[in-house]
Amino acid sequence: SAKKLTAATGQCCLPVSLDVRQPVTIIAAVEETLHKFAKIDILINAAAGNFLCPAVGLSFNAFRTVLEIDTVGTFNTCKVLYEKWFKEHGGVIVNITATLSYRGQILQVHAGSAKAAI
């Protein structure tokens, strides 16, 4: 994807892999990005974990995992980037989420809960 994006736009694209539940992986990605580009202007949070499941069928682990990815992951990325760059240099944070929490959605109690917290 990074090669295709670079070819299509003529811009440099740095592919990084991280787990938003693990701050150490976010720190590594931010440091790699700052090393490559010397700045970060914007953070777009859009990580999500989701699947269809009736509430009665959700395990404790499944519910917790979705909350960790969506909600805790959003906090983790914001906190790391703020501390590493935005605090001193400014920047923009965009949190992309879904509207599942407004009215509820069948088979989505876990995702709706996570989205409501964002």
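So, disulfides: in this predicted model, a search of the whole structure turns up 0 of them. While we are on cysteines, have a look at how they sit. C13 is partly exposed, because its relative accessibility is 26%. C53, on the other hand, is buried, with a relative accessible area of 13%.

Next, please find N76 with me. You will see it in helix α3, which covers residues 60-89. Is N76 buried or exposed? With a relative accessibility of 9%, N76 counts as buried. And what does N76 touch? Leaving aside residues up to four places away in sequence, its contacts are V20, R21, Q22, P23 and I26.

Let's stay with α3 and turn to its packing against another helix. The partner is α5, residues 109-117, and the two pack at an angle of about 30 degrees with their axes 9 Å apart. That angle is under 35 degrees, so α3 counts as roughly parallel to α5. As for handedness, α3 passes α5 in a right-handed crossing.

Which residues make the contact? From α3 we have F63, V66, L67, D70 and T71, and from α5 there are V109, H110, A111, S113, A114, K115 and A117. Sorted by class, this contact has 7 nonpolar, 3 polar and 2 charged residues.

Notes:
Residues are numbered from 1 along each chain as its sequence is written. This is a predicted model: local features need pLDDT of at least 70, side-chain atom pairs count only at pLDDT 80 or more; totals for chains, interfaces and linings use all residues. Side-chain values use heavy atoms; hydrogens and water are left out. A disulfide is a pair of cysteine sulfur atoms within 2.5 Å. Buried means under 20% relative accessible area, exposed over 50%, partly exposed in between (1.4 Å probe, protein chains only). Helices (H or I, at least four residues) and strands (E, at least two) are DSSP runs, numbered from the N terminus. Contact means heavy atoms within 4.5 Å. Axes are lines fitted to C-alpha atoms, for helices over the stretch in contact, and angles run from 0 to 180 degrees between N-to-C directions. Angles under 35 degrees count as roughly parallel, over 145 as roughly antiparallel, 65 to 115 as roughly perpendicular and the rest as oblique. A crossing is left-handed if the near helix is turned anticlockwise from the far one by less than a right angle, and right-handed if clockwise. Ala, Val, Leu, Ile, Met, Phe, Trp, Tyr, Cys and Pro count as nonpolar, Asp, Glu, Lys and Arg as charged, and the others, Gly among them, as polar.
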